[in-house]
Amino acid sequence: MSEKLTGVQKAAVLLIVLGPEKSATIFKHLKDDEIEELTLEIANTRTITPQMKDEVIGEFYEVCLAQQYIAEGGINYAKELLEKSFGADRARDVIGKLTASLQVKPFEFVRKTDPSQLLNFIQDEHPQTIALILSYLAPAQSALIISALPPDRQAEVAKRIALMDRTSPDIIKEVEKVLESKLASLVNQDYTIIGGVDAVVEILNTVDRGTEKHIMETMEIEEPELADEIRKKMFVFEDILLLDDRAIQRVLRDVDNSDLAIALKGSNEEVQNAIFNNLSKRLAVMIKEDMEFMGPVRMKDVEEAQQKIVNIIRKLEDSAEIVISRGGGDEIIV
């Protein structure tokens, strides 16, 4: 029966069965037009039979299982395991649906390749080709590779990742052929959004501080506006939680109390507690009173105040007065 339902109808049934709390979490990851379409379909769904419910959940489970197997070992591995569980015909149907809707990313085999081996394979490629490949890798993988590139190529590749927007399937296919021809057929025929500022920020947040500084300094000369956009995203106000108490206290010495009160108006309770715990009791009470008496504050003013504090943090980080722990194994950026 579920085969007679459209994709949207199946999605609506699944969300109804999951309930409002879980469905609300899923909605956070959807586009506005998708939410509107699903909401309308849910509103128009009057009856869900037990058979319909079981079939939709069963199909959803099979697709999730297939995605997991593909991530673990690729298409052939997934097909083999699905055949053992559901039979050859059902396995072929599930895999077909996934590849048709681009549930499998291009360069999937590259994501499982050791970064050092991949580096030997791609380091002599054109910077645009390297940027394309790194855009599809996990940030930690890309960070290892970009750190090992010659200094004159690091900023060039980072810049191309940041400026990358849409890449045609023909280009992706051509690059995939060079790396692994067997995956060329899995590429979606629509344009694929990759790269962008967020992608390069994730990579730069993971590389060592020396590599990051070299890339940013070079980019500030060649692409100052792009460098400014990247720098603003590399540390947000909420990331003050990455600082230890001593570093927070050092930052607060340079922060104007009025800026601090406005900045905290738009922050969450965890950030507020981290700040107040590092102020004297008298000053903490004074800041809280200021926040209470100032009334509603424009979001623009909150963001400006927070950015002032972020700039202070970046300045203190650059002068090695504070340390920011950003993850990425045991690496600490100084």
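Which side chain meets Arg314 in a salt bridge? I looked this up first. The partner is Glu317, at 3.5 Å from N to O. I keep in mind that this is a predicted model.

**Entry: the Arg314 pair**

I checked where the two residues sit. Arg314 and Glu317 are three residues apart in helix α20, so about one helical turn separates them. An α-helix has 3.6 residues a turn, so residues three or four places apart point the same way. I then looked up accessibility. Arg314 and Glu317 are both buried.

**Entry: other salt bridges**

I asked for the total. The structure holds nine salt bridges. I went through a few of them.

I took Asp259 next. Asp259 bridges to Lys308, with the closest N and O atoms 3.6 Å apart. This pair links distant parts of the chain: Asp259 is in helix α17 (residues 257–265) and Lys308 is in helix α20 (residues 299–318), 49 residues apart. Is Asp259 buried or exposed? I find a relative accessible area of 17% for Asp259, which is under the 20% cut-off, so Asp259 counts as buried. Lys308 has 47% and is partly exposed.

I then turned to Asp301. The side chain of Asp301 meets that of Arg298 in a salt bridge, 3.1 Å from N to O. Asp301 is partly exposed, at 24% relative accessibility. Arg298 comes out at 55%, so it counts as exposed.

**Entry: the network around Glu156**

Which residues are linked with Glu156 in a network of salt bridges? I noted Lys159, Arg160 and Glu222. I placed Glu156 in helix α11, which covers residues 151–163. Its relative accessible area is 21%, so Glu156 is partly exposed.

I looked at one atom pair in more detail. The side chains of Glu156 and Arg160 make a polar contact at 2.7 Å. I then set aside the neighbours of Glu156 within four places in sequence. That leaves Pro127 and Glu222 in contact with Glu156. I also checked Ala131, which is 25 residues from Glu156 along the chain. The C-alpha atoms of Glu156 and Ala131 are 8.9 Å apart.

**Entry: helix α1**

I tested the length of α1, which runs over residues 7–18. It has 12 residues. How far apart should its ends be, at 1.5 Å a residue? The expected span is 1.5 Å times one less than the number of residues, so it should be 16 Å. The end C-alpha atoms are 16 Å apart, which agrees.

I listed the buried residues of α1. They are Lys10, Ala12, Val13, Leu14 and Leu15.

**Entry: positive phi values**

I looked just after α1. Gly19 takes a positive phi of about 95° there. I then looked at Ala320. Its phi is near 65°, a positive value in a residue other than glycine. Ala320 lies in the segment after α20.

**Entry: the α15–α16 loop**

Where does Asp239 lie? I found it in the loop between α15 (224–234) and α16 (245–253). Asp239 has 24% relative accessibility, so it counts as partly exposed. I checked its separation from Val310, 71 residues away along the chain. The two C-alpha atoms are 9.0 Å apart.

**Entry: the whole chain**

The protein chain has 20 helices and two strands. Of its 334 residues, 41% count as buried. I looked at contacts between residues at least 6 apart in sequence. Of these, 72% join residues at least 24 apart. The accessible surface is about 18700 Å². Carbon and sulfur atoms account for 51% of that surface.

**Entry: confidence**

I checked pLDDT last. The chain averages 77, and 80% of the residues score at least 70. Residues 181–192 have a pLDDT below 50. The model still has 30 contacts for that stretch beyond near neighbours in sequence. I also flagged residues 328–334, where pLDDT stays under 50. For these residues the model has 15 contacts beyond four places in sequence.

How values were computed: Residues are numbered from 1 along each chain as its sequence is written. Side-chain values use heavy atoms; hydrogens and water are left out. A salt bridge is a side-chain nitrogen of Lys or Arg within 4 Å of a carboxyl oxygen of Asp or Glu. Helices (H or I, at least four residues) and strands (E, at least two) are DSSP runs, numbered from the N terminus. Buried means under 20% relative accessible area, exposed over 50%, partly exposed in between (1.4 Å probe, protein chains only). Contact means heavy atoms within 4.5 Å. Accessible areas come from the Shrake-Rupley method with a 1.4 Å probe; for residues, only the protein chains shown count as cover. A polar contact is a pair of N or O atoms within 3.5 Å; within protein, one must be able to donate a hydrogen and the other to accept it, and residues adjacent in sequence count only if both atoms are side-chain atoms. pLDDT is the predictor's confidence in each residue, from 0 to 100.
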